[in-house]
Amino acid sequence: CVALEAVNIPAGVKSIGEAAFLGDSAIATITFAEESVLDSIGKEAFRNCSKVRFVEIPNSVIDIGDYAFCNSQLKSVTIPNSVTSIGNSAFGSIESLDTVIIGSGVTNIGGRAFYKGDWTDLKAIYCSALIPPSLGSNVFSGQSVTGIKLYVPEESVNRYKTTAEWNNFIINALPSFTITWKQYDGTTIDLTFVPYGQIPAHESPIRDASSSYI
């Protein structure tokens with residue numbers, strides 16, 4: 001389907017099979033339904049979809065297969081907290097990549113998962129996993145990553161510094177933010193402490209009905 005330019009995965013899809021869109025070089029847009037139940041993205045599912053610049057992986061995904069997004073044009077990669085495993089070369093050969101956010105649930109990252117030939121455009125890697133994920137061979141290989149910042153949970157800084165391949169980065173504690181939740185009239189509802197890479201959420205505020213709103 002060399003002319004296919006956009007893919008919209010509906011809410012009911014639970015998995016994307018192996019090589020589902022392999023080599024569809026015209027695809028520029030991949031979207032997933034907000035209430036997605038997708039739990040796996042198969043091997044080579046979007047490999048060589050070379051025009052794709054952005055994709056928001058659903059929070060329901062558990063497994064990202066080998067070469068799933070290899071050789072795309074993604075500028076940033078956000079792995080949701082639901083993901084436990086990232087396949088071999090899943091995001092390999094993406095020369096445009098400048099930011100990587102790895103969720104707290106990731107326990108294993110396959111070989112050459114984030115391989116790229118030139119790391120000079122990479123700004124930072126943010127990893128929320130308390131225990132450093134196990135790594136396959138040459139996960140971050142290509143050019144030297146020395147001098148690139150890696151942000152991890154504060155209590156895990158020393159763990160990452162003593163773990164092979166992770167310790168090649170300049171390791172710092174993850175930045176965090178205080179979210180102030182306010183009611184429609186400006187009154188403060190709550191304060192929430194949120195680490196970088198996590199999406200803040202709060203119960204819906206309540207507003208009294210009026211002649212204009214219910």
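Predicted model: local features only at pLDDT ≥ 70, side-chain atom pairs only at ≥ 80, totals over all residues.
Biologist: How far apart are the mean positions of the positive and negative charges of the protein chain?
Modeller: The protein chain carries 14 positive and 21 negative charges.

Biologist: Which strands stand at the edges of the open sheet of six strands?
Modeller: The order of this sheet is β2-β4-β5-β7-β9-β11, with parallel pairing. Each edge strand has a single partner strand, so one side of it is left without a neighbour in the sheet. The strands in that position are β2 (15–16) and β11 (134–135).

Biologist: Which residue of β4 is the bridge partner of Ser-15?
Modeller: Strands β2 and β4 (residues 40–41) run parallel and are joined by two bridges. Within β4, the partner of Ser-15 is Ser-40.

Biologist: Is Ser-89 buried or exposed?
Modeller: Ser-89 lies in the loop between β7 (85–86) and β8 (99–102). Its relative accessibility is 8%, and the cut-off for burial is under 20%. Ser-89 therefore counts as buried.

Biologist: Which residues is Ser-89 in contact with, leaving aside its neighbours within four places in sequence?
Modeller: The loop that holds Ser-89 runs between β7 and β8. With the sequence neighbours within four places set aside, the contacts of Ser-89 are Tyr-67, Cys-70, Gly-111, Arg-112 and Ala-113.

Notes
Residues numbered from 1 in each chain as written. Heavy atoms only, no water. Helix = DSSP H or I, 4+ residues; strand = E, 2+ residues; numbered from the N terminus. Buried < 20%, exposed > 50% of the residue type's maximum accessible area, 1.4 Å probe, protein only. Contact = heavy atoms within 4.5 Å. Lys, Arg positive; Asp, Glu negative; His and termini not counted. Charge placed at Lys NZ, Arg CZ, Asp CG, Glu CD. Pairing = 2+ DSSP bridges.
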